[in-house]
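Subject: Structure handover

Hello,

Here is the structure for you to open. My notes on it follow below.

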Amino acid sequence: MPEEQPTLDSALSGRQRAVEHDRGPLLAVGAPGTGKTELLARRLAHLATAGTRPERVLTIASSRTTAARLRSRCEALVPGSFEELWVGSWDAIGERLLREYPEEAGLDPFFDVLGRAERLAMMLDRLERLPLRRHEIRGNPAGLLARLLARIDDLKAERVGPTTLAERAEAASAEDEASREALRREQEFAELYATHDRILAETGSLDRGDVFLALDCLLVERPDVRRAIGERWRYLMVDELEEASPAQLAVVESLAADNPNQVFVAETGHDEALGWFAERFPEAERVELEERFRDPQLSFWSCANERAQAQATARAVEHLVAGGTAPEEICVLVADPAQGGGAVAAAMEERGIPFHLFGPSALFQRPEVRDAIAWLRVLADPDDSSAAARALTRPPVELRSGDLARLTTIARRRKQDMVAACEAALDSPQFQPEARERIGSFLRLYAGAAAVMEERRADVFVRRLIEQVGLRRQRLFAAQPEVAERLLGLSRLAELATAWTRREPHGSTRGFVRYLSAVAEAGAEAEEAEEPPAPGAVRGMAVAAVKGLGFDHVFVLGLEEEGDWERLGWPARNGLVLSRVERGPAGEAARPSRYYEQALAKAETEGAAEEIHEEELFGPAEGLHATYRQLREQVLEASWRAGRELSEPRLDTAIDVNRAIARYLELLKLAALAQRPGEETTADAIDAVNGLLRQVATPEQQAELDASALDAYLLDSEREQGRRLELVAAREEPSLAAFLPRRGDGRLSLSASDLSLYLTCPLKYKFARVFGIPQEPTINQRFGILFHNVLERFHKEPPENESEGLRLLNRLFEQGWRRTGFRDSDDELQFRDRAKEALRLYWENERLAEGEPVWLEKKFDFKVGDHHVRGRVDRVDRLPDGDYELIDYKTGERKSEEDLDDDLQLALYRMAAREAWGIEASTGSYYYVLDGDKVAAPTKPDDAERVERTVLQVGEGILGQDFEPRPSPKVCSWCDYRLICPAAEA
């Protein structure tokens, strides 16, 4: 339903004055939903009707999305024909003006304007030039540089350059060493800021902030240019004045000198923007817009968890669409689409609702784009095991889980990359003919692409790869409504390659892959990645991006987090849902945000109440239609695969054909169950339908139906969370029982790190422990291993006297540093500096320590139930009273005793000391060596019971092959398996 537009007849006289305003500056102020943007469109139409050519009016909006909406309204309202409408965002208008006067501005006429993603790739290629000695890189330069570039952008928006920043740091005073170090780091950042600008200048490039700084200088220093622009546009209009940065306002101020006819609109409550206008134009007219043109019905949701929230949203959207609301008139808002969009996308897909997620990293969350990136990464680096695993297990290869586990075993044992392991697997009797055929198809695709990778430009290669691997062809026969979305994602990836090639004409495809990986890893948005709204799809976006837009229905999710929710405005015309969750990703209680509490309290005075939404486990009553839609796509893909094999018969062609027919029969079963009349139970209905299917199915097809888990899925309406549609998808997969980590007696083998890993994310445990996908150790892991080895050697061969202690520690460290392969990058030298100080603190503490190390790297192995628990303790000290202290070295972030209240690892170690060594150790401590601090974990009477309960719980989950992902921002952002994890997709 289109938004009710204000009319001159029904609106207040203030609105009329603003629309008909002719001379001098004017400010229109109003709350969200009062038609401020519409006012500008009507003013342009009024000026055109009065005789002003539309191209003589310059209209600036805060974003490309808002500008597109404003342009659309202007085109609908402006009568007659015209040459051009000058309606655009700040970025578009600023760049266009600068390109018309490049020589006057002292710029290369062919300058490039680079976004944050392009600059990130450029800085990573020149990392050795960047001063980062005092900034903690921690093995993640892309993440650090993304944050630093964001700060540079903010400073340029505030018109603060590197020289000013350095002068501020120089003039500041510090009272302690920490403050002095912070000032030194600020001075280094100012130097990095200047280096960043020099690199851009060397390449003839600008960033977005430079555009307005250069344009302001041009307008101030060249009055002739300013006059020419003033004569060109008789009228100036600015939408959402409160969103303009100081650098952009400076441009407006310069333009105002030669163009006094201006109309600004701003939102009520933004004192800084209103103050700027009052200071610059003290005699100007101000109009208050009070009539609101949006009055949506307000609802409040309290959801059990994120999954429940996503399900409730998808269910409500399905009802709206069924009732006639166009999908593109529905919007779902989250604080961060990269973190909160995945659950919503999954819930929408379960119901077959087309959903388009916008945001900096949305493109790289799409499954088809991640498939293409996986192929690019493994072609650029065969050692990239995660990329190889995804390429092998996704279409068109679709290797089974058990065969992937066999492949990773070969790779680990032979110390080969995954591609070499595939070649070895062709001759291995461990693999069935079907698996060898799939591996062979992967190798043929890989060899064909690798042969031309170095010969072709990145854009040509990416397009060819998409076609050769069949990523686009697979999607052409899918039945879901979002097929066009998936094809569009692949096209956008190819466009990124084209834009990169244009900027780097001599760059290689490997260079493009490095750029793509860095951009995806840091979550930066490539300039070429921005896309128009997808027709026929529900929109998902960040709350910060919705300002100025309007939809029939809006769902705002995640209001348990504090944020700048006031910027939300009033984006809905008919219905606005404010939603929060009661439990976070780890099950912790979550309080509603202040914004939510205040809105609910106000609504409760008018009779509103919270709706409660629990998670649905998708039993038969709720899930038949969703399962039907899910299976429908699989049937078409299976039929396409079987048809391909009919034209090129293989050993397993008959198997795949029978499997495709069985899937189609299951689709018929679901259709019959969904449409069954009367009160017949699901169990009775399944039996009846199965009886009919047996009359038409061949013995081979019936065997496939009998092996399917579909019936159990439909009947098991109260199974545990997480088994929903994955049970259907996994029906063809063999058991992974043979690959679970076991001891010689067949019992499951677990360690403290295994328990922690599984409790953190069962799927990550599957990737790391069951599949054993090889991963290169990170710099943090390498440093931790080095420090452990140094301390072990030190205590095994202690110094003869105290004067030699620190020297021995440093000597051992230097030897290990060289042998471990550390060099002299800023990242590595930061670790070295911290290690030197840590060794000094360690020796000082050891000199005064009362305990005496009696065991180092002490191993243990004992049984809990039917499981083995194994591991080793870094150090065991005997205390003066005869007791023992178990010590575990940590090189990570220090935790307090309160943080360790429910610690499992040291409780397990104390149990191991009793069971495996026959001693009682009353104390367990973490030694945070980089801080020189030892923190004892609290000891509780029920520790042994808690350890036993956890081991049995984890063991049961592993043996039951329950490997559901548990996504959370804190865990997922550092996970090595993001590329192959389905929870990271949208």
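Start with E857, which is buried at a relative accessible area of 17%. Buried means under 20% relative accessible area, exposed over 50%, and partly exposed in between (1.4 Å probe, protein chains only). E857 sits in strand β17. Its phi is positive, about 50°, although E857 is not a glycine.

Some ground rules. This is a predicted model, in which local features need pLDDT of at least 70 and side-chain atom pairs count only at pLDDT 80 or more, while totals for chains, interfaces and linings use all residues. Residues are numbered from 1 along each chain as its sequence is written, and side-chain values use heavy atoms, with hydrogens and water left out. Helices (H or I, at least four residues) and strands (E, at least two) are DSSP runs, numbered from the N terminus.

Other backbone points:

- E240 also has a positive phi, near 50°, and is a residue other than glycine. It is found in the loop between β6 (235–238) and α11 (246–256). E240 is buried, at 5% relative accessibility.
- P395 and P396 are joined by a cis peptide bond, with omega about 10°. P396 lies in the loop between α16 (385–393) and α17 (401–414).

Now the charged pairs. Side chains of opposite charge can pair when their charged atoms come close. A salt bridge here is a side-chain nitrogen of Lys or Arg within 4 Å of a carboxyl oxygen of Asp or Glu. The structure holds 66 of them. Among them:

- R747 and D866 form a salt bridge, with the closest N and O atoms 3.6 Å apart. R747 is in the loop between α30 (726–729) and β16 (749–750), and D866 is in the loop between β17 (852–864) and β18 (867–878), so the pair ties together parts 119 residues apart in sequence. R747 is partly exposed at 27%, whereas D866 is exposed at 55%.
- D943 and R910 meet at 2.6 Å, N to O. D943 lies in helix α37 (residues 943–959) and R910 in helix α36 (residues 905–917), so this bridge ties together parts 33 residues apart in sequence. D943 is buried at 5%. R910 is buried too, at 7%.
- K890 and D888 pair at 3.3 Å, N to O. K890 is partly exposed at 27%, but D888 is buried at 5%.

There is also a network: salt bridges link R134, E177, R180, E181 and R184.

Best wishes
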